[in-house]
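Here is a short note for a colleague opening this entry for the first time. Please keep the sequence and the structure side by side.

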Amino acid sequence: DDHRELFSLLNEFRGFCASGEWLDGYHGRLFRFIESLRDRLAIHFALEEAGSLNDETLIEGNLAHEIESLRKEHIDLYEQIVQIAHDAEEMRHRRITPRSLRRLVNRLYQFDSEFIAHESREAHLLQAAYIDDVGVGD
């Protein structure tokens with residue numbers, strides 16, 4: 001299941017960052033995590049775009065504007081993680097400092113927070129859509 005794999009990866013990231021290992025010379029693992037997250041999010045967003053956010057009943061319903069807003073958030077979130085991955089790749093070729101690693105991890109924490117907020121909005125909207133919007137015509 002896409003959500004399970006993605007949230008497992010995010011939980012692994014949180015645990016790894018909380019441990020502080022990324023400051024103790026294990027930054028290669030951090031970089032691999034970022035690449036995995038970028039790739040997993042590409043799949044996640046594609047599945048959502050093709051699935052639940054592509055339901056004609058929802059697109060044409062009262063929540064169409066909100067659905068479109070969520071789709072735009074996919075683009076913004078994916079662009080953020082691509083930029084973070086790009087910056088991490090560049091960092092590999094420069095001198096890695098604790099400060100630069102902290103900045104990178106802080107950006108990931110910010111991304112994580114924004115992504116979780118997005119997923120929450122998406123879940124609430126889809127729930128509202130299937131309870132309220134879809135049931136109206138029955």
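Which side chain meets Asp2 in a salt bridge?

1. That of Arg40, at 3.0 Å, N to O. A salt bridge here is a side-chain nitrogen of Lys or Arg within 4 Å of a carboxyl oxygen of Asp or Glu. Arg40 sits in helix α2 (residues 27–50) and Asp2 in helix α1 (residues 2–19), 38 residues apart.

2. A word on the source. This is a predicted model: local features need pLDDT of at least 70, side-chain atom pairs count only at pLDDT 80 or more, and totals for chains, interfaces and linings use all residues. Residues are numbered from 1 along each chain as its sequence is written, and side-chain values use heavy atoms, leaving out hydrogens and water.

3. The protein chain has 5 helices and 0 strands. Both are DSSP runs, numbered from the N terminus: helices are H or I with at least four residues, strands E with at least two.

4. Arg40 is buried at 18% relative accessible area, and Asp2 is buried at 12%. Buried means under 20%, exposed over 50%, partly exposed in between (1.4 Å probe, protein chains only). Of the 138 residues, 36% count as buried.

5. Arg71 and Glu68 form another salt bridge, at 3.9 Å, N to O. Both lie in helix α4 (residues 64–92), 3 residues apart, about one turn of the helix. Arg71 is buried at 17%, whereas Glu68 is partly exposed at 36%.

6. Salt bridges with shared partners join Asp2, Glu5 and Arg40 into one network. The salt bridge count comes to 11.
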